[in-house]
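The following note sets out points on chain composition, nonpolar cores and helix packing. Please read it alongside the structure.

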Amino acid sequence: MNSLETIIEGCKKNKAWAQAELFAKFSDKMYGVCCYYTNSRDDAEDLLHDGFIRLFENISKYEDGNFEAWMRKVFVNLALIKFRKDKRNKIVSEIDDLNQYQMPLSENNQLQAAELMNLVSQLPTQYRIVFNLYAIEGYKHKEISVMLDISEGTSKSNLSRARKILQDQVNQIELYQ
Amino acid sequence: MKEEHYIDQLFSQAAKDYTVASPSGAWNRIEASIAAKRKRRRLLLWWLVGALSSIASLGLFVMINTHQSNLPQSPATEQSEIVISFDSAAQSTSANKAAITPMHSDSIHQLSENKPFDIDPNTSNKTRQKLSSDSLAIDKNTDRQKLAISPVGKPNQSDFSQTAKIEINPISSSNSSVITPDTISLSQKGLSIADNTKQIEKPNETAKQIEQAEKVDSAEKSDSVVAIEPLTNETNPIINGKYQAITSPINKTSKINIFIFNYIGVSYSNGNNQLPNLDNEKLATTPFTKAGWKPNIGLEMGVILPFRAFVSFGFTRYNLMFKGSFSTTDSKINYVEIDQIGYSPMGYFNVFNLEEALRSKNYGNVDYLRKFNQAEIELRMLAYPINIGYALDKGRWKWMNSIGLIPIKIISNEVRIGNKNEYNLFGQILDLKSKVYGLSVGSDIRFKTKNKLSFGIKTNFNYSLQSTNKSSEFNYKPYSFLISPQIGFIF
């Protein structure tokens, strides 16, 4: 297996072998990202597909730094584009019902991580997006408000409610265990 | 606050470790999308190249035509009138009329040494004389006598030739006849009548105009008048006695023509079911019994030299396409070497995505490969033929045969393995040369319209003189046959 630098250089030259190797290396992780940013497995697959296409098209813009973080940003941005589009088309409301989508379990027996991410996936769409952006990606409320076209107050409110829901569910799991 | 922070940390850590097996077929979908995008981009690029070369051709055509339209026009196109006086004293009927001096009974005008004509008005018994090519005949049967120069055997002139008659008035007291340029029939372009203010042109001027006209005209002519020389009194506008028209065979190919053509068509490449006998046994073999048609595009430009020889160069972009069976050779093999999974007549090949394809399957590697029975190889080629040839003319048709050297660049290649209508594994032939040299034999039929725009059919056979693989274990020399409609210009 080639080093990450070699693979990236190969991808920059549009080499098919490099693209295949990059996919093999990061597809599982990126599919995980896709899963907790989307509402269904089909949407997650589409996001994975579109994300890698966009990644290969824009990989020449990557220079230095944490490649995985950069790659993750590509996928998250694409997920946000889709979220905004769905919101414009009224496919998602600001606060919809708790999602019934069950996240796929991890292959690596990371049951705890899988269970926790499964809880996230059940949050209402906008709560989930705000929580992911704030807690997992590390954005601030001001940035989130711009990214999602909502007010800072709404962002804070959504985060607070998401945390509350997650806290209750975590407590229930702990109680059960 | 503490609780909130705890929740964030908990989920942030969970997200970092969270992985989910990507769905099977995801890479195939991505790869197919990438391939489709590349194909669209490549197609766009080739169309762009084609469009730019067409625009360049058109620009050249317009530039040359504009330049030629700025040249002085042949006087033969101007209105003029000359008088042939049959009086013993030369006279003109008006100031604007040229005069030709008396025609004595023994005045025999010759247009060439062996092409005489008789313009003697006193030769009453002469009716329209049928003379040889480039001859002049006089019809004196009627009151308005006609003097005509007509090309014997070439009644249809090209659009550049001037069709007119020379009319000679009946012999009057002044014995003068009027010749109008409208009524002069010139067998060949270049024999012109001076304008209103001039007499018959001086021979050297005529020659120049003929030369210019010949540049414009590409119509097929076997002979052309290149000069008219008075046999007596060269400088006197009132020309006496005999004239001599000097003709010269003008071969169209005695001058240089530039041509440029674009073509888009299809190419067919040879199959090969002869696998090399290798000691180094690999898992899979792929003989290719079927070859396929693939599109090709190219540009050719060149120069037709005197004696109809021509040289040309250009580029051709085409793909070699092979389809054949895919089979595993040894049932005892239990592992797969992805980097050299098998071999074809062109060389060893690998696959890129076997691991991904297997990830969600319960097959072993070899079992998975045994599911497949079909393979396809595509070599993407860019060739730069440099040809010499010979052009045969028949009217506006040209038949151009050529032979030459053809450096061929192998841009890339792809191996696809799968079942009918679906390819699941993708790889590459290994150790292919980046460039091979071959032989190019071509035959083109081209039709040139009046405005130099030309159409035709191009056929070409490219044969690689070298094996495409660096390894001596493989000796595959592909050939391809190209057939394409073409459009271009012959200047």
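1. Chain B contains 5 helices and 25 strands, where helices (H or I, at least four residues) and strands (E, at least two) are DSSP runs numbered from the N terminus. Of its 491 residues, 49% are buried, buried meaning under 20% relative accessible area, exposed over 50% and partly exposed in between, with a 1.4 Å probe and protein chains only. Among contacts (heavy atoms within 4.5 Å) in chain B between residues at least 6 apart in sequence, 67% link residues at least 24 apart.

2. The model is predicted: local features need pLDDT of at least 70, side-chain atom pairs count only at pLDDT 80 or more, and totals for chains, interfaces and linings use all residues. Residues are numbered from 1 along each chain as its sequence is written, chains are lettered from A and ligands numbered from 1 in the order in which they are written, and side-chain values use heavy atoms, with hydrogens and water left out.

3. Chain A has 8 helices and 0 strands. Buried residues account for 51% of its 177 residues. For contacts in chain A between residues at least 6 apart in sequence, 62% join residues at least 24 apart.

4. The largest nonpolar core comprises 68 residues; such a core is a set of buried Ala, Val, Leu, Ile, Met, Phe, Trp, Tyr and Cys residues joined through side-chain atoms within 4.5 Å. The residues with the most contacts inside this core are A:Leu22, A:Phe52, A:Phe131, A:Leu133 and B:Phe11. Helix H2 (residues 16-37) of chain A contributes the most, with 12 residues. Because domain 1 (1-92) and domain 2 (97-177) of chain A both give residues to the core, it lies between them; the domain bounds come from an automatic or database domain assignment.

5. Leaving aside neighbours within four places in sequence, A:Leu133 is in contact with residues including A:Tyr37, A:Val76, A:Leu80, A:Ile144 and A:Met147. A second, separate core of 31 residues includes B:Leu354, B:Leu358, B:Ala383 and B:Ile417.

6. The axes of H1 (residues 4-12) and H2 of chain A come within 8 Å and cross at roughly 130°; axes are lines fitted to C-alpha atoms, for helices over the stretch in contact, and angles run from 0 to 180 degrees between N-to-C directions. The two helices, H1(A) and H2(A), are therefore oblique to each other, as angles under 35 degrees count as roughly parallel, over 145 as roughly antiparallel, 65 to 115 as roughly perpendicular and the rest as oblique. Among the H1(A) residues that meet H2(A) are A:Leu4, A:Ile7 and A:Cys11.
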